[in-house]
Amino acid sequence: MNVIFKGLAAALLSVITAGVGHAQDAGVNPAASTPETAQVESAPQRAQQPILQILVEGNQRVEADTILSYLLIQPGDLPNSRLINLSIQTLYSTNLFSDVRVAVDGASLVLFVEENPIVNRVILEGNRAINDEKITDEIELQARAIFTRSRVQSDVQRILEVYRRSGRFAAQVTPQIVELPQNRVDLVFEISEGPVTGVERISFVGNEAYSDRRLRGEIVTTEARWWKFFSSNDNYDPDRIEYDREQLRTFYNDRGFADFRVTSVSAELAPDQSEFYVTFTMDEGERYEFGDIRVETEISDLNIEYLEAVLPTQPGRLYVGSLIEDATDSLTFAAGAAGYAFVDVSPRVALNREDQTVDITYVIEESPRVYIERIDIIGNTRTLDRVIRRELDLVEGDAFNQALVNVSRSRVGQLGFFEDVQVEPIQGSAPDRAQVQVRVAEQPTGELAFGAGFSSTDSFLVDFSISERNLRGRGQFLRLRVSTSSRQQQIDIRFTEPRFLDRNLAAGFDLFRVRSDFSSEASFETESTGFTLRAGFPLTRAVQAGVSYTMRTDDVTTYSGVSESIQRAAGSRVTSLMGYSLRWNRTDDYREPTRGFQLSFNQDFAGLGGDVRYVRSELQGGIYRSVWRDRLVFSATGSAGYLFSWGGDTARINDRFFKGGNSFRGFETAGIGPRVVQRRDEALEDGDEFVSGDALGGNFYAIGALEMGFPLGLPEQYGIRGSLFTEFGTVGVLPDDDQIADDGTDAAIFTVDDLALRASAGMSIFWDSPFGPVRFDLAHAFIKEDYDQGAFFRFSTRTGF
């Protein structure tokens, strides 16, 4: 019976095999769904037999063994059309071959392949507005890549997208293929860039509360105008339009329109493809106020009444959408300060369209008090762990406190060693345990700098320095600096240890030699050589204190014919100076503050040894307020100083205060204050009463300034900004020994010291240039004395280290 069954099965299999063979002979290809044409060929056969060998033909670069590894059929297997066609599809998916054919000849399976070419090089022609690197970074095909036509078409679309993002919607790209020997090709993209497709007009439909002009000022996209040659925001960019939709929503939400929405944005391209007409269609809705504001939580440590009182969203006030996010952050911060690290604050917003109010319920989900299990420092390849850890206000075992996390992040960032600092809590080994990860990204801290420039004060100046702000990864600062100009030559070495004796105490020293030329202002020159020992430490988080001791030798050289006040300073004297300082800083940025205040007081005592005896006191302060989005910043600053001699000594000219130039815009350096003058006689009368002589400096000064900083409409990367200012103040109080009385005769020489008020107003331009910060001042002194030295225009440069 088994013999009969096996015979019937063999006969049936023979019939099926013969049918498959006839189908192959007729050209039927089950793999017709592949991208290119593939054929399975078979010699006429009457009975199926196992494949004994597989041969590969046509390959040039790809090894036969590599090709065989993709096949799903192996020697010893019976021919199987399904497996053969799947193998062909697998070979096509590698993108290595442009054609694949299979032929079954008796016991042999022959695989014919035609390899795709290799790209020899990619050439861009016609691109002038966009450089090669920006395009080649976007496309897939590169030198030595496998060439396929589908990849070429894909790269054409990528290049067109690059041009669309730059505002050139009329750009065209034509690929050309140059065949080379050894199955290689050169791929040439011929680019016709076309004109920049600008936004000719921006219109708004549905706006009643605000005009088109006002809304255009709230979005990033601008209308094309001939004078906007520095900006690219007048080019049409779909991504920028989507951002503008969000800007409009934020603008309206922050002004009470809680259900505002942009229903559609249409961009119509002109027939010549040179410009777009953009229309925002919107539904403003009604203006809302905050209604019922509540906080719900089951955390007993949180005082709900206190939280509701400090929320920025208060009942009866105009609805401001951004305040909801601020309130959420405030509640999260409050919960973190109470030790709950992973709370979830969810604002539930309900609009009451009948009375135009918005009810908000802030739900704080309960979570257990969390303790810090471990603190991990990640990313510090050079800086020692302890340098970072000593800036953290958290240690293992402390209760988690979000306020201290924020302070720690700020303190690590202020080190200046890292380009990015992230302090994040993650879940620990238990629900009440947290791990704090401090992730930092190192940045270069060493500088070898050379600067050269020209200013109206110092003429040509050259500055060289070599510095390291993180010496050996220990956080120490070391600098050697040499600078020279027509007015001053200086060499100094500075070293600072920020954590002296592993305490929160910064200590360091300075060695210096400075030569200054005041011949054009006061007919004397000085050369100072000495050293300074200094230390600084915090009194509170915002108050810093410092002490210092300076020992220096001052050599003063005067010219013949100068006044007694200047001659008395001639010679060499030793100054022994003990000083202290207090600084209270509550600004958001030490370099360019936009809000907050700062106040500092310095006092130096000379006379603990040495040849001179005086007390010098100076007070400085400033208040900063952001008027609009940190772009308009108002500041009110002031400074005052007083020099008091003791022990029978008289303050010499090189120790007094000289103001003007950068310290009082609208006047020359040392252009205001006590001065030697000569009364004009009638023959020289030209409207001024005096001929100005040498500046004598003063023992007292007080100067204030009001300033409004603003952007100039240029891209931020140019680093150019401006300000309008007015300054006012006085300098004076000469010692009696330095006074020359006026005898009332014609052409009399005497001193003037009247503490008269001076005032100026003008405009400053600041430029963070590649060779250092540059400042241009245009100022007019509208209150001054006849003998003062005014300066309408001044520019200066310096190199920051």
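Me: What makes aspartate 212 and arginine 216 a salt bridge?

Reply: Their closest N and O atoms are 4.0 Å apart. A salt bridge is defined as a side-chain nitrogen of Lys or Arg within 4 Å of a carboxyl oxygen of Asp or Glu. The pair therefore counts as a salt bridge.

Me: What is the basis of the model and its numbering?

Reply: This is a predicted model, where local features need pLDDT of at least 70, side-chain atom pairs count only at pLDDT 80 or more, and totals for chains, interfaces and linings use all residues. Residues are numbered from 1 along each chain as its sequence is written, and side-chain values use heavy atoms, with hydrogens and water left out.

Me: Why are aspartate 212 and arginine 216 said to be separated by about one helical turn?

Reply: Because they are 4 residues apart in helix H6, residues 212-216. Helices (H or I, at least four residues) and strands (E, at least two) are DSSP runs, numbered from the N terminus.

Me: Why is aspartate 212 called partly exposed?

Reply: Its relative accessibility is 25%. Buried means under 20% relative accessible area, exposed over 50%, and partly exposed in between (1.4 Å probe, protein chains only). Aspartate 212 therefore counts as partly exposed. Arginine 216, at 27%, counts as partly exposed too.

Me: What makes glutamate 246 and arginine 249 a salt bridge?

Reply: Their side chains meet at 2.6 Å, N to O. Both residues lie in helix H7 (residues 238-253), 3 residues apart, about one turn of the helix. Glutamate 246 has 36% relative accessibility, so it counts as partly exposed. Arginine 249 has 34%, so it counts as partly exposed.

Me: Which salt bridge links distant parts of the chain?

Reply: Glutamate 727 and arginine 665 meet in a salt bridge, 2.6 Å from N to O. Glutamate 727 is in strand S31 (residues 720-732). Arginine 665 is in the loop between strand S27 (632-645) and strand S28 (675-679). They are 62 residues apart. Both glutamate 727 and arginine 665 are buried.

Me: How many salt bridges does the rule give?

Reply: The count comes to 31.

Me: How do you know that serine 408 is buried?

Reply: Serine 408 has 1% relative accessibility, so it counts as buried. It is found in helix H11, residues 402-413.

Me: What is serine 408 in contact with?

Reply: Contact means heavy atoms within 4.5 Å. Leaving aside neighbours within four places in sequence, serine 408 is in contact with Glu391, Leu392, Asp393 and Leu394.
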